[in-house]
Amino acid sequence: MKFNTKTIHGRQKHDPAYGAVMPPIYQTSTYAQTTPGGHKGFEYSRTHNPTRQALENAFASIENGEFGFAFGSGLAAIDAVMKLLKPGDEVISTNDLYGGSHRLFTKIFQGFGIKFHFIGMQNASNIESYVNDNTKLIWVETPTNPMMNIIDIKTTASIAKKHDVLLAVDNTFATPYLQQPLDLGADIVMHSATKYIGGHSDLVMGALIVKDKELAEKLYFIQNASGAVCGPQDSFLALRGIKTLHVRMQRHCENGKAVAEYLATHPKVEKVYWPGFEDHPNHDIAKSQMKAFGGMISFTTKGNNYEQAIKTVENLKIFTLAESLGGVESLSGHPASMTHASIPKEEREKTGVVDSLIRLSVGIEDIEDLINDLKQALG
């Protein structure tokens, strides 16, 4: 089954009760039993829910995995992965990382005795020098948030396999439409399904997908024991979002390319970060592991001017100034004061998250309107 068909039919079944084409919203916490332990596969909705189960099957399908897990947020999904570890274990992570992930690693799990190494991964061979007997996990974002760095998943996977280390890939920016890390050797794929998978800025959710049964059993135990699951209403909305993921991503990519090319020629723009440019570091790797280059773009205004960046995002009319990304509507953000504000200034500036950096999530509106909006906002 091809991807565009999987988004609509992948591992889905018509509802057995009445043949509903879309899985119904099973808005229930518990299920009747005929005798203690005698039930129809569902006991309690933290453990299983038919709507969430349909969604988890869809997650597995579109990422070419075997097992999918839905959580109450992307950070809840990452939290579950971290709970595979124990005090004394070490994690190697990219230094250009979503601020919430960095906060979870350093402010929560570092306090439980887990050591983190935040390194540049654009040259994947650099990773190996940080691997030791305590290394248990490599955490990768590609493209990274917000600098749009590209990390070679296949090479990183070979390093992880060589040292018997798990490789987890945050695939939120690329989505399974553009990139499928499990096929490139990753062990775990994570999504903030709040973003492109939901696609309409109306839910908060996280996802994990794996192929290995033993790893799946560990994650299922953590999911059920910790209880950070999503509800049936959000599961229904995410299922609906998946069905249009492929057509939305096509337009996100088209519009993203046009916006990136426009910004690259603007006299008030210093630098544009988008992996579709031939001079973008690791552009060739992006071409080899991604179908296209997505709708996420970051850029700096001339002179590293904080006031100019703030003025620009405040002046945008169609691009809404807001947290998050991946919805049908275009959004703008100022990472230094929004998504990455929890990272110390000196640390984030080393990776390029300077005060003049603006991040755009390019939506699926008419491209002429988006270009005109940028034109007037930049003056």
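Visitor: Why is Arg 248 called buried?

Guide: Buried means under 20% relative accessible area, exposed over 50% and partly exposed in between, with a 1.4 Å probe and protein chains only. Arg 248 has a relative accessible area of 4%, so Arg 248 is buried. The model is predicted: local features need pLDDT of at least 70, side-chain atom pairs count only at pLDDT 80 or more, and totals for chains, interfaces and linings use all residues. Residues are numbered from 1 along each chain as its sequence is written, and side-chain values use heavy atoms, with hydrogens and water left out.

Visitor: Where is the place of Arg 248?

Guide: Arg 248 lies in helix H9, a helix being a DSSP run (H or I) of at least four residues, numbered from the N terminus. The buried residues of H9 also include Met 249, His 252 and Tyr 262.

Visitor: What makes the span of H9 close to the expected one?

Guide: The expected span is 1.5 Å times one less than the number of residues. H9 (residues 245–264) has 20 residues and reaches 28 Å from its first C-alpha to its last, close to the 28 Å expected.

Visitor: Which residues is Arg 248 in contact with, leaving aside neighbours within four places in sequence?

Guide: Contact means heavy atoms within 4.5 Å. Among the partners of Arg 248 are Tyr 196, His 200, Gly 326 and Ile 364.

Visitor: How many of the 379 residues of the protein count as buried?

Guide: The share that counts as buried is 55%.

Terms used:
Helices (H or I, at least four residues) and strands (E, at least two) are DSSP runs, numbered from the N terminus.
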